[in-house]
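Biologist: I'd like to go through this model with you, pockets to begin with. Can you put it up?

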Amino acid sequence: MKIGVLGAGGWGSALANLLAGNGHEVTVWSIDEREVAMLKEFHEQRDRLPGVILNNSIEYTTDASKSVIGQDMVVCAVPSPFVRSTAKSVAEYVSAGQLIVNVSKGIEESTLKALVEVIEEEIPQANVAVLSGPSHAEEVGRGIPTTVVAGARGIEIAKTIQNTFMNDYFRVYTSTDVTGIELGGSVKNVIALAAGISDGLGLGDNTKAALMTRGMAEIMRLGLAMGADVKTLSGLSGMGDLIVTCTSKHSRNRNAGYLIGQGKTYEEAMAEVKMVVEGVYSAKATLALAKEHGVDMPIVEAVNNVLFNGMTAKEALTELLNRDRKSEL
């Protein structure tokens, strides 16, 4: 297949490398001329994926039309805050029925829309799908066994994505629950911030396990209220992604949370992590969705209070622990 990748960061580069290794003809776009020059010269994303030498067959461009026109599939791998602007900028190049696979994770704060919906709104002529799951670029780039889920409103499109990406180290399942996949992949980033904050405070495994488990309960409550399938939320794009994002050394959300737990602001934490921290951008939107659907999400609310309302991490923890007594079920 001919495949265009929008976004040449760590995830876009790792997936481009995987797809080229599967025998596909891959063209990667970046808005950053310096980034494209680096990739052309060294075949390595030295800023985001150091040590991974990329397939020599991959083409790089600053002309977005070359990653869209005539491509059998377009992979959208730009950070969530830039998905709408990127979709708007390439919409004129997209043909009717062309397949776009979103691999970014987030909820748009201004509209409370999942990213597939954002792309569909800007490019209504496209078939838009999602690929998500516990999959750090640093590990996929090195061929470490990984399992994800491809979601589309039609199962045949999901199977096309499965067949395109799957190989002996990257296993892909299929689903038609696009809402559940996108929601799980977005809200887990907010919970991962909480897990990182816990680590930054010097707390223990008990605390992190509690945050992850009760955080999963919050994700499920919101997902069910929005029509997601509980099996999706307990699967790869829900529980699986939550586990890896809360515990991994590669997790930008967990690492940013750690710095916040040590007393830094979210702006200082993001500057130190040097990457887009998706959970910061999804936190307000997740809380707004919870209120819209009448769902109780105390951990998400606590993260918002720490990020945006001047509450210290210790104060937020105390408030969570002293909530009214409840049954687990």
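Biologist: Which element gives the largest share of the lining of the second largest pocket?
Modeller: That is α8, with 6 residues. Helices here are DSSP runs of H or I of at least four residues, strands are E runs of at least two, and both are numbered from the N terminus.

Biologist: What kind of model is this?
Modeller: A predicted one: local features need pLDDT of at least 70 and side-chain atom pairs pLDDT 80 or more, while totals for chains, interfaces and linings use all residues. Residues are numbered from 1 along each chain as its sequence is written, and side-chain values use heavy atoms, without hydrogens or water.

Biologist: Back to that pocket. What is its volume?
Modeller: The second largest pocket has about 590 Å³. It is lined by 18 residues, and Arg214, Pro298, Ile299, Leu320 and Arg323 are the closest to its centre.

Biologist: What counts as a pocket?
Modeller: A pocket is an open set of points with protein on both sides within 12 Å along at least five of seven lines. In a cavity, a 1.4 Å probe fits but cannot get out. Lining residues have an atom within 4 Å of a point. Points are joined across faces, edges and corners, and the volume is the space filled by probe spheres set on them.

Biologist: Which helices supply at least two residues each to the second largest pocket?
Modeller: α8 (205-225), α14 (298-308) and α15 (313-321).

Biologist: And how does that lining divide by class?
Modeller: 7 nonpolar, 2 polar and 9 charged. Nonpolar means Ala, Val, Leu, Ile, Met, Phe, Trp, Tyr, Cys and Pro; charged means Asp, Glu, Lys and Arg; the others, Gly among them, are polar.

Biologist: What about the largest pocket? What volume does it have?
Modeller: About 1,000 Å³. Of its 43 lining residues, Gly9, Ala77, Val78, Pro79 and Arg252 are the closest to the centre. Elements giving two or more residues to this lining include α1 (10-21), α7 (178-200) and α11 (252-261). By class, the lining has 15 nonpolar, 16 polar and 12 charged residues.

Biologist: How many cavities of 30 Å³ or more does the rule find?
Modeller: The count is 3. The largest cavity has a volume of about 140 Å³. It has 14 lining residues, and Ala194, Ile197, Ala313, Ala316 and Leu320 are the closest to its centre. α7, α14 and α15 each supply at least two residues of that lining. The lining divides into 13 nonpolar, 1 polar and no charged residues.

Biologist: Does β6 run parallel or antiparallel to β7?
Modeller: Antiparallel, with 3 bridges between β6 (residues 127-132) and β7. Two strands pair if DSSP finds at least two bridges between them. Valine 130 is opposite glycine 151 of β7.

Biologist: And how do β7 and β8 pair?
Modeller: In the parallel sense, over 6 bridges, with β8 at residues 170-175. Valine 148 has valine 172 as its bridge partner in β8. With helix α6 (residues 155-165), these strands make a right-handed β-α-β unit. Right-handed means that, with the strands pointing away from the viewer, the path from the first strand over the helix to the second runs clockwise.

Biologist: Which way do the β5 residues point?
Modeller: Leu99 and Val101 point one way, Ile100 and Asn102 the other, and all are buried. β5 runs parallel to β4 (residues 73-76) over 4 bridges. It also runs parallel to β6, over 4 bridges. Asparagine 102 has valine 130 as its partner in β6.

Biologist: Last one, the whole chain. How many helices and strands?
Modeller: 15 helices and 8 strands. Of the 329 residues, 55% count as buried.

Methods: 1 Å grid on protein atoms, 1.4 Å probe; cavity = no way out; pocket = protein on both sides within 12 Å on 5 of 7 lines; lining within 4 Å. Buried < 20%, exposed > 50% of the residue type's maximum accessible area, 1.4 Å probe, protein only.
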